[in-house]
Structures are given as structure tokens and as C-alpha cells.
Amino acid sequence: MRKIAIIGVGHVGSTTAYTLISKNIVDELVLFDSKENILKAELNDLMDGQMEQTHQVRLIEPNLTELKDTDVIIFAAGDISIFEGNPDRFAELNLTKTIVEEWAPKITESGFKGIILNITNPCDVITQYLQELTGFPRERVFGTGTSLDTGRMKHAISRSLNVHPSAIDGYVIGEHGESQFVAWSSVRIGGVPITDTLTKEQLTALDEAARDGGWVTFRGKGYTSYGIAIQAARIAEAILNNNHLVVPVSHFHLSESCYVGSPAKVSQQGITEQFPLSLSDVEQEKWQRTIQTIHAMHATI
């Protein structure tokens with residue numbers, strides 16, 4: 001039985017739950033949220049939402065004993081309202097670190113032996129804090145990292161150049177935040193380096209479009225949910241099905257002494273291999289700046 005628990009069923013957690021159900025990724029789903037009325041409503045709505053599906057997912061009300069045989073915990077707790085009016089992704093840290101402090105002992109005491117996939121922002125710092133407080137092996141605790149940002153980069157290129165996203169290879173790396181950057185030296189379209197076909201000015205415009213993608217959604221809706229939900233679901237599916245998916249997740253880099261987003265292989269064992277990119281000199285400078293940003297924020301905990 002494929003079993004996932006989601007901690008936090010706000011906009012992101014609930015959309016992730018529905019995505020897991022609709023894509024037939026999970027057999028059992030345990031939901032946790034501090035707001036009992038929201039939790040009850042989401043459980044009821046998710047049950048209604050799968051009534052016409054052949055595959056029925058067992059929806060389980062919150063009980064920590066259920067974590068003992070859970071394969072994956074998706075940590076999505078937070079409060080997006082704190083983010084309003086503040087463009088800094090780290091604005092949530094004072095709240096989200098306290099949520100980690102509340103949940104880490106509950107997770108360890110439950111007997112959970114699976115993998116933790118973190119969505120909660122600031123993603124890199126919170127993922128590291130979850131690992132530190134639970135004491136789980138680093139390969140079993142990682143975050144969605146720059147997977148969403150990479151998707152936004154592909155979206156921007158696809159629209160601008162009128163190509164299908166599947167033809168685009170490449171990554172956004174670094175912090176899931178303002179210091180992230182597109183590693184243009186890694187980007188290929190149909191196998192052809194994008195730097196061979198576009199000017200520096202065109203690449204800068206695409207970089208800005210990709211970076212602004214999340215803000216377009218946030219300014220209009222007040223939150224984002226679909227993009228991150230599909231990324232979390234595909235990573236969870238890779239874990240459950242042992243797909244050996246290579247995706248830019250936030251995982252621990254021994255050489256940098258922190259969690260940061262870059263390509264890694266994801267399987268049932270968690271992170272099994274890293275794929276360092278050959279960065280240009282300019283990209284190396286950006287990498288060092290994003291590492292410094294993550295370290296500075298982690299130091300405030």
C-alpha cells in the first residue's frame with residue numbers, strides 16, 4: 001500500500017492531496033492540520049472529489065500512530081498570509097521554524113521510518129531544520145527546492161519560443177527564493193544549447209519572466225498551489241515507485257554545509273546521487289551568493 005501523510009492542508013497541502021488522488025499515485029492519505037474545521041472540510045471535499053474514480057483512496061483522519069507505516073511525509077505547514085506585502089520568501093521563517101519545532105518530535109516519536117519531502121518556505125532552511133531536529137539521515141529529508149522554479153523557467157521558454165516544454169532541458173538552481181538563478185549553461189532545446197541561439201539580452205528577459213512567474217500568480221490569487229502541487233506529486237511518485245527521477249530538489253551539499261536546490265536522483269531510498277552542473281564563472285559567482293544567503297538565514301534560527 002502506498003501511503004502518504006500531508007502535514008498542513010492549506011492551499012498547497014490540499015491541492016497536493018487532490019493531485020495525488022487524481023493521478024492515482026497513492027492508496028492511503030493521512031491529513032494533519034491545526035485548523036480542525038478546515039481539515040474536516042478538506043477530507044469531505046476530497047472524498048466527494050474521487051467518487052467517480054475507479055481507484056478509491058482511503059482518507060485517514062489525523063492520528064500520529066498512522067505515521068509508523070507511512071512511506072512519505074509531505075510537510076506543507078505554514079501561513080501564506082504572513083507573506084502578503086513582503087517580497088522576501090524568508091518572511092515566513094519566524095513562524096515556520098516554530099511549526100518544525102512542534103512537529104519534529106512528533107514525527108520521531110511516531111516511529112516514522114520513511115522519507116520527508118518539505119514544501120514549507122523558506123524551503124532550503126526549513127528542510128535543513130527538519131533534518132537537524134528529527135536526526136534522520138540527510139538523504140531521507142529533502143525539499144521541493146527549485147523544481148517549481150525550473151518548471152517556471154520552462155514555461156517562460158515554451159511561451160517565448162513556441163516549443164513544447166518536453167523539448168526543454170535545464171535547471172534553475174540555488175535557493176528557492178530571490179537568489180535563485182537559471183543555469184543557462186545547462187539549458188538545451190532539442191539538444192541544442194540555448195546559449196548558441198539566443199543573445200544575452202534575450203536570456204535576461206527569459207530569466208526575468210521565469211522569476212516573475214510566481215509573483216504573477218501570487219498577486220492575482222494571493223497564493224500559488226497548482227505548480228508546486230504537481231512538483232511535489234511527481235517527486236512523491238518517484239519515491240513510491242522507485243523511479244530514479246532526476247530533479248532539482250533541495251538536498252544537503254557536503255561541500256557547502258547546507259541544503260540547496262540542484263539536480264539529484266530520487267528513489268525509494270531518498271537522495272541516491274547528486275548531479276553537479278558545470279557552471280560558467282558568472283554562474284559560479286551566483287552559486288556562492290545563493291549559498292551565502294541560505295547560510296545567513298539559517299544562522300538566524
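A pocket is here an open set of grid points with protein on both sides within 12 Å along at least five of seven lines, and its lining residues have an atom within 4 Å of a point. In this predicted model, the second largest pocket is lined by 21 residues. Those nearest its centre are Arg152, His155, Gly213, Gly214 and Thr217. The space in this second largest pocket amounts to about 400 Å³.

Three helices each provide at least two residues of the lining of the second largest pocket, namely H5 (147-161), H6 (200-221) and H7 (226-241). Of the contributions to this lining, that of H6 is the greatest, at 8 residues. By residue class, the lining of the second largest pocket comprises 9 polar, 8 nonpolar and 4 charged residues.

The strand pairing around S5 was examined next. Strand S5 spans residues 115-118 and is covered on both faces. Ile115 and Leu117 are buried on one side, and Ile116 and Asn118 are buried on the other. Strand S4 (residues 72-75) runs parallel to S5 and is joined to S5 by 4 bridges. Within this pairing, isoleucine 73 stands opposite isoleucine 116 of S5. S5 is also joined to strand S6 (residues 141-143), through 3 bridges and again in a parallel arrangement. Here asparagine 118 has glycine 143 in S6 as its bridge partner. Between S5 and S6 the chain passes through helix H4 (residues 123-134), forming a β-α-β crossover that is right-handed.

Methods. Residues numbered from 1 in each chain as written. Predicted model: local features only at pLDDT ≥ 70, side-chain atom pairs only at ≥ 80, totals over all residues. Heavy atoms only, no water. 1 Å grid on protein atoms, 1.4 Å probe; cavity = no way out; pocket = protein on both sides within 12 Å on 5 of 7 lines; lining within 4 Å. Points joined across faces, edges and corners; volume = space filled by probe spheres on them. Nonpolar A, V, L, I, M, F, W, Y, C, P; charged D, E, K, R; others polar. Buried < 20%, exposed > 50% of the residue type's maximum accessible area, 1.4 Å probe, protein only. Pairing = 2+ DSSP bridges. Right-handed = clockwise from strand over helix to strand, strands pointing away.
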